[in-house]
Amino acid sequence: MTTVSAAPIVLQLTQITKRFGSFAANEDVSLTLRRGEILALLGENGAGKTTLMNILFGHYVADEGNVEIAERTSGTLNALPAGQPNAALDAGIGMVHQHFTLAENLTALDNILLGTEKLSAMTSSRTAARQRLDDLMRRSGLTVDLDARISTLSVGEKQRVEILKALYRDARVLVLDEPTAVLTPQESDTLFETLKTLAAEGLAIIFISHKLDEVIAASHRIMVLRLGKKVADQPTEGSTKLQLAELMVGKSVPQSTRSEQAAGPLLLTLKQASAGEGRTALHAVDLELFSGEILGIAGVSGNGQATLARALSGLEPLTAGQLQLDGKDLSGSNARKMIDAGFARIPEDRHKDGIVGPMSVAENLTIETIRAPENQRFGFLKFGAIAERARQAIKAYDIRCQGDKAPARLLSGGNIQKIVLARTLDAAPKVVLAAQPSRGLDVGATADVHRRLLDARARGAGVILISEDLDELMRLSDRIAVIHRGHLSAAEKTETLDRSTLGLKMAGHGFHGDTGEAA
Amino acid sequence: MIRFEPREPASLQRLILIPVAAAIVALVLAAIPITAAGVNTFTAYGLMAKGAFGSMFAFTEMLTRAAPLILTGLAAAIAFRAKLWNIGAEGQLYAGALAAVAVGTGWIDAPAVVLLPLVILAGAAAGGLVMLGPTLLKTRLGVDEVVTTLLLNFVILLFVQMMLEGPMQDPMGMGWPQSEPMLDAATLPKLMSRMRIHGGLIIAFAAAIAIHILLKRTVWGFEIRAVGENASAAAHAGLPVKATFIRVGLLSGAMAGLAGVGEVAGLKGYLTADLSPGFGYSGIVVAMLAGLSPLGVVIAALFIASIFVGADSMSRATSVSNYLADLIVAMSLICVLISGLFLRFRIKFVKPRTNISQETQ
């Protein structure tokens with residue numbers, strides 16, 4: 001690392017402050033990035049990582065502070081004009097967003113060239129571009145079929161196209177926003193190898209993450225943001241996960257882990273269940289869930305998890321196969337019947353499926369049971385009883401809001417999730433279906449969700465936990481099954497599994513043999 | 001530099017203040033064409049106010065005009081609350097009127113206590129049934145109800161003309177395309193002697209209160225609001241989304257049908273194909289001005305009725321055309337839609353280069 005710390009400075013952010021109203025998204029944050037350095041920007045959701053990068057990229061204008069970038073040839077630092085993404089691009093800042101910005105119907109080459117050619121140019125010089133890209137690919141190890149349509153590429157390949165796009169524009173600083181969120185562990189490892197190669201060639205890299213493992217594995221230096229303030233800027237060497245976690249959260253959060261518990265009787269079975277169509281369809285899935293266990297479903301996003309969740313929520317009919325609870329057939333059930341049968345469903349997209357934003361916290365807490373006798377009489381709502389129970393739930397689940405009449409949309413993601421937990425878990429459900437329950441939540445809210453799921457398990461409920469976070473799955477689940485292209489592997493005891501086996505399965509290894517058909 | 005900040009839900013005062021301000025701005029803007037017509041603005045508005053409120057006759061005329069507007073306004077408001085875009089209140093109004101005439105012109109002979117409720121029910125049912133088709137097409141096949149409801153207006157109007165020139169034509173009508181007159185027992189009572197104001201206004205007020213209670217205090221209303229604000233979450237929570245659309249469709253159509261009943265059984269006494277001067281379409285404006293609030297619909301309908309009645313009266317006394325009414329109504333709507341921006345955002349004028357500027361581009 002000594003070579004890096006002596007390398008010339010490429011980018012410097014000085015005392016950046018950015019306020020939204022009275023809320024300071026960034027406060028007095030400074031950052032220096034040297035040639036060939038990989039800096040990990042670590043922080044919880046809402047810590048200000050993305051805001052800082054948006055300022056760097058010219059999407060936002062900082063209230064105070066400035067951004068300087070080194071002159072290409074001389075290396076002297078010049079101020080970057082604020083609020084101009086084009087200036088940032090020209091200066092050599094490339095950004096790979098979490099959600100890719102590629103045109104699906106164009107080829108990789110088209111996407112890379114898009115916006116780099118002059119409008120007035122009569123012909124595009126494809127051959128020259130292709131030669132340059134071949135050279136770039138050889139040097140960086142980022143190989144992509146340039147003539148493939150984006151829609152035919154895997155997620156990892158799309159990400160490579162995004163990086164190539166930035167490199168093609170002569171990026172000297174590459175910013176990656178949560179680059180591993182959509183990758184398998186193996187794909188992530190490949191990505192970090194590539195980043196190290198690129199850094200060795202002199203590229204300066206910032207990657208945003210909240211995953212401690214990868215931050216420690218892949219960076220030279222770590223900067224931690226908390227509530228908009230820089231709380232640490234230290235070499236990766238000597239940093240430990242525990243120390244970083246505490247810096248990130250500010251307090252040590254006790255993490256719930258499951259205690260030993262013998263599983264109870266068989267609760268729920270899926271027999272050769274199929275649902276949905278197209279890429280995210282579910283194919284002949286077998287699943288058994290026992291009382292008092294957490295069954296984890298691992299998989300890379302977009303492999304049929306959403307369809308499985310919708311089928312178990314009563315929102316997507318099975319096209320074949322059976323769904324049984326306690327031996328009773330529930331195959332054709334709608335959402336109402338699933339709720340009545342004792343299903344608690346925690347939707348993946350809590351804003352879209354979890355709450356009705358403009359309606360109040362109390363109304364959102366009652367929405368699943370609005371027709372129950374305790375909430376209405378002769379079709380008229382019992383406001384007193386509804387408000388009273390809402391206040392109890394707000395207290396019991398620690399929902400932070402301005403009272404039960406506040407519109408739910410004003411709440412933070414964690415508190416919205418608490419509304420969903422409160423209304424579903426309070427009914428002492430038999431089966432809990434939790435789809436990505438901690439996605440986008442900070443450490444505190446995540447711990448809370450985990451505790452609630454473990455409580456449900458201790459009470460004897462069967463919990464299906466669909467997640468892309470292997471740490472979460474391995475810590476909470478008694479057994480884990482892997483979903484890949486709509487096929488579900490047989491569940492195995494968590495103790496017998498490790499991350500790399502799961503990672504391989506998530507990438508599809510061993511599936512064709514197991515299911516007996518090509519995916 | 002102007003910047004927009006999202007604001008918290010608007011207070012009640014603001015919700016009331018903004019449509020009022022929009023109406024005032026519309027009146028100010030309408031001063032331009034009035035002046036262009038060579039008439040003093042204050043004189044013109046004075047005459048308009050007199051035409052709508054200047055005498056008991058003027059006032060009752062205004063209320064008579066407001067009655068169907070309240071009902072078509074409710075038809076739009078309740079449907080729009082569920083995001084069911086019923087643009088077909090005009091057709092549903094005619095369907096209601098046709099049903100009222102079919103029941104109330106001698107086919108059934110019964111005393112008023114029996115016949116009048118039958119006429120009202122028939123009109124409401126006809127309006128509701130007309131809306132049931134587009135609603136089912138939407139929930140079953142995903143057909144866009146904007147198109148189906150809008151086009152049904154023409155289908156129904158032509159059907160009414162066919163009936164009025166065929167089976168339902170008044171044999172005593174000297175060949176005019178009009179229906180037989182309503183029986184006395186099928187006629188809504190007059191509210192004042194020698195005035196045209198009729199029981200349709202009572203129906204309209206009662207409907208507004210009923211829908212207000214429905215939306216605010218009942219399970220059905222809860223479901224309508226939830227489906228309208230986020231159908232996806234409503235479905236996930238096990239609410240009957242399709243059944244709610246069907247209920248709302250029936251109710252919305254029924255409101256428009258009642259407007260038709262009021263016009264034939266309260267005002268005209270028989271059906272012609274020019275029964276409604278676009279009450280169905282004006283109802284959409286009323287609902288939007290009212291912010292889709294059922295009680296707000298009453299106020300918005302009174303406002304629009306006074307503009308229409310007042311402008312008619314003014315145009316008789318001056319050289320300003322009564323099209324001015326349409327202009328004012330249209331401009332109020334535009335102002336209200338623009339002011340929706342003020343409800344959702346706080347707008348601040350800031351000097352560039354201050355340390356709190358925060359444009360996002």
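Helices (H or I, at least four residues) and strands (E, at least two) are DSSP runs, numbered from the N terminus. The structure is a predicted model, in which local features need pLDDT of at least 70 and side-chain atom pairs count only at pLDDT 80 or more, while totals for chains, interfaces and linings use all residues. Residues are numbered from 1 along each chain as its sequence is written, chains are lettered from A and ligands numbered from 1 in the order in which they are written, and side-chain values use heavy atoms, with hydrogens and water left out.

View 1. Residues 197–215 of chain B are 84% helix and 0% strand, with end C-alpha atoms 29 Å apart. An unreviewed UniProt entry lists both spans under "transmembrane region", together with residues 12–36, 56–80, 92–108, 146–164, 284–311 and 323–343 of chain B. UniProt positions are given in the numbering used here, feature names are shortened, and annotations may be inferred rather than shown by experiment.

**View 2. Packing of helices α1 and α2 in chain B.** Two packed helices are described by the angle between their axes and the distance between the axes. Helix α1 (residues 12–36) and helix α2 (residues 41–53) of chain B pack at about 115°, with axes 9 Å apart; axes are lines fitted to C-alpha atoms, for helices over the stretch in contact, and angles run from 0 to 180 degrees between N-to-C directions. α1(B) and α2(B) are therefore roughly perpendicular to each other (65 to 115 degrees). The contact (heavy atoms within 4.5 Å) joins B:Leu27, B:Ala30, B:Ala31, B:Ile34 and B:Thr35 of α1(B) to B:Thr41, B:Ala44 and B:Tyr45 of α2(B). By class, this contact of α1(B) with α2(B) has six nonpolar, two polar and no charged residues. Ala, Val, Leu, Ile, Met, Phe, Trp, Tyr, Cys and Pro count as nonpolar, Asp, Glu, Lys and Arg as charged, and the others, Gly among them, as polar.

**View 3. Packing of helices α5 and α6 in chain A.** The axes of helix α5 (residues 126–140) and helix α6 (residues 155–168) of chain A come within 11 Å and cross at roughly 115°. α5(A) and α6(A) are therefore roughly perpendicular to each other. On α5(A), the contact is made by A:Ala129, A:Arg132, A:Leu133, A:Leu136 and A:Met137, and on α6(A) by A:Leu164, A:Leu167 and A:Tyr168. The residues of this contact of α5(A) with α6(A) divide into seven nonpolar, no polar and one charged.

View 4. B:Thr149 is found in helix α6 (residues 145–165) of chain B. At 1% relative accessibility, B:Thr149 counts as buried (buried means under 20% relative accessible area, exposed over 50%, partly exposed in between; 1.4 Å probe, protein chains only). Leaving aside neighbours within four places in sequence, B:Thr149 is in contact with B:Trp85, B:Asn86, B:Ile87, B:Gly88, B:Met131 and B:Pro134.

**View 5. Loop residues with positive phi.** B:Lys83 has a positive phi of about 60° although it is not a glycine. B:Lys83 has its place in the loop between α3 (56–81) and α4 (89–104) of chain B and is partly exposed, with a relative accessible area of 38%. In chain A, the loop between β17 (376–377) and β18 (380–381) holds A:Phe378. Phi of A:Phe378, a residue other than glycine, is positive and near 50°, and A:Phe378 counts as exposed at 75% relative accessibility.

How values were computed
Angles under 35 degrees count as roughly parallel, over 145 as roughly antiparallel, 65 to 115 as roughly perpendicular and the rest as oblique.
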